[in-house]
Amino acid sequence: MNRKSKKKLLQQIMDEAVNNYDYSQTLDIPIEELTGVEDQMPSEGIRSIPEMADYIKNFHSDNLFDFDKRRKPYNEIVDQELQFIDQLLDDQIINSFIAPDGYSAAHREIQPYQLFRMELLKIIKYPEISYRKFCSDEYFGRERKQNRRFVRLPLNTKDQVHHTELCHFRTDLLFRQLMNVFVYFLHHFYQSGCLENTVIHGVDSSELPSEINYPICTVEVKGKKIRIYSDPDCDCGQRRKKRDKSYYVIGYRLHTLTAINPSTGHSYPLISIVGAANHHDSLFLKPLIKLAQAIGIDMKLITADQAYHDKDGSILEATGVYVVAPPSEKAKLPENVLESPLRVTCNDFCEIPMRSLGASQDGHEFGCDSKPGDCIFESTCTKSRIIDFDKGHFQPMPSFHNASQQAMDIRKNCERPFNLMKKREGLEITRVRSQHGVVVRSAFTTIVTLLIEMAGTRHKPKKQEDGQKELFAATG
């Protein structure tokens, strides 16, 4: 059968499946399943950050010695960054998180923690190359003693790891296992002192293009065209307008919760959720917050862009977290509300501004601020008013509050982790297939980003004061 006949047969099969499908079954499907994040939700067995601290503390309590720790540092590892990471890693603890059911070390030549170390090494030092090239003599030959020592390969043999073993390792890794090893590093990050006691959390997204840029076939369902790719989880969506890139992108979107240090402005990625590129950002905010709360991240306020508005207060009600976003240009001002500066009055005839009394489940409450005798409608006026939540100035956290203004001013700092993960750690080219592969790859990349920040080896030295600038400032 030639290629044209195969394509025609595939089209006939898809048409028959579409015509016989009962669409009424999709009406009760939860939104998590519609957006493809059902596998990234909190589940039993995922430890929180406080639980992880107790687990690490008691892990070696039954052992007289931690032999791996006594052998460190290794002379073959001369790179300062790799030295720091090697000292931090506890292979036995990592093995306890990512080892499959029925794992037996005696029956394995390559242990799970070694595959995990290889993933870290590739992202740290060789993000631009393929896995096939990475697993070769060029990077793990007998003369590459530093690399072999870091991943715990013997120095006196030519034994290596085949690239398919890394592929199977990522594929077989459960989300519960991935989250536990991720929380292990998140615990160390919170202990490192990179963050202060007070932080501002932010949410932003970035596209992750897939290497498959054409659909296998296109079918029409209820007047809408559905594209089917070789990677069935990805889809075509819109990206922010950029000068040198297409307006459309085929792949995924990475939605990341970041922690912003308000005193320095530095931001760090904490946890992410991956979805197809054609889904709107607002669908992922609540699942992302719930996942972060499940692993013990304490949040009170999140700053985000207009795509993550909490326009009806449902996110605040479900999670207890305030979301601050710039007011949407499409949102209309409620009646009897004046802009610049924002003033709320009681009715069409009243000119006395009302004061804010706070927010409830019904909306924002305002009370009359007039003194006795100032208002001619005092006897008939209710002296109170409730304004519904919207995606404009009257969000659950109103945009006219000083705290909201400060949070929106620092929102742009959320973009820095994406630049690091995509450009420095090579996440812009994922080199994996399926949504689960992208989830695992993005989690490993986030771990490496936190490790590099903790190591502090890539921080630029502070620039000395420029004498010419002082001269220009003095002379005007």
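Trainee: What pLDDT does the protein chain average?
Mentor: This is a predicted model: local features need pLDDT of at least 70, side-chain atom pairs count only at pLDDT 80 or more, and totals for chains, interfaces and linings use all residues. Residues are numbered from 1 along each chain as its sequence is written, and side-chain values use heavy atoms, with hydrogens and water left out. The pLDDT is the predictor's confidence in each residue, from 0 to 100. In the protein chain 86% of the residues score at least 70, and the average is 83.

Trainee: How many helices and strands does the protein chain have?
Mentor: Both are DSSP runs numbered from the N terminus: helices are H or I with at least four residues, strands are E with at least two. By that count the protein chain has 18 helices and 13 strands.

Trainee: What share of the residues of the protein chain counts as buried?
Mentor: Buried means under 20% relative accessible area, exposed means over 50%, and partly exposed is in between (1.4 Å probe, protein chains only). The protein chain has 476 residues. The share that counts as buried is 45%.

Trainee: Among contacts between residues at least 6 apart in sequence, what share joins residues at least 24 apart?
Mentor: Take the contacts in the protein chain between residues at least 6 apart in sequence. The share joining residues at least 24 apart is 66%.

Trainee: How are helix 7 and helix 17 oriented to each other?
Mentor: Axes are lines fitted to C-alpha atoms, for helices over the stretch in contact, and angles run from 0 to 180 degrees between N-to-C directions. Helix 7 (residues 112–125) and helix 17 (residues 434–455) have axes 10 Å apart and pack at about 70°. Angles under 35 degrees count as roughly parallel, over 145 as roughly antiparallel, 65 to 115 as roughly perpendicular and the rest as oblique. So helix 7 to helix 17 is roughly perpendicular.

Trainee: Is the crossing of helix 7 and helix 17 left-handed or right-handed?
Mentor: A crossing is left-handed if the near helix is turned anticlockwise from the far one by less than a right angle, and right-handed if clockwise. The crossing of helix 7 and helix 17 is right-handed.

Trainee: How many nonpolar residues are in the contact of helix 7 with helix 17?
Mentor: Helix 7 brings Phe116, Glu119, Leu120, Ile123 and Ile124, and helix 17 brings Arg441, Phe444, Thr445, Ile447, Val448 and Leu451. Ala, Val, Leu, Ile, Met, Phe, Trp, Tyr, Cys and Pro count as nonpolar, Asp, Glu, Lys and Arg as charged, and the others, Gly among them, as polar. The contact has one polar and two charged residues, and its nonpolar residues number eight.

Trainee: How many charged residues does the contact of helix 3 with helix 12 have?
Mentor: The axes of helix 3 (residues 49–59) and helix 12 (residues 175–191) come within 9 Å and cross at roughly 90°, so the two are roughly perpendicular. Ile49, Met52, Ala53 and Ile56 in helix 3 meet residues of helix 12 including Tyr184, Leu186 and His187. By class there are eight nonpolar and three polar residues, and the charged count is no residues.

Trainee: What is the phi of Arg152?
Mentor: Most residues other than glycine have a negative phi. Arg152 is in the loop between helix 10 (145–150) and helix 11 (163–172). With 14% relative accessibility, Arg152 counts as buried. Phi of Arg152 is positive, near 65°.

Trainee: Which relative accessible area does Asn336 have?
Mentor: Asn336 sits in the loop between strand 8 (322–324) and strand 9 (337–338). Its phi is also positive, near 60°. Asn336 is partly exposed, with a relative accessible area of 21%.

Trainee: How far apart in space are Gly202 and Thr303, C-alpha to C-alpha?
Mentor: Gly202 lies in strand 1 and is buried at 0% relative accessibility. Beyond four places in sequence, Gly202 touches residues including Thr256, Thr303 and Cys414. Gly202 and Thr303 are 101 residues apart in sequence, yet their C-alpha separation is 4.6 Å.

Trainee: What separates the C-alpha atoms of Cys350 and Cys381?
Mentor: Cys350 lies in the loop between strand 10 (343–344) and strand 11 (354–360). At 11% relative accessibility, Cys350 is buried. Cys350 and Cys381 are 31 residues apart along the chain, and their C-alpha atoms are separated by 9.6 Å.

Key
Contact = heavy atoms within 4.5 Å.
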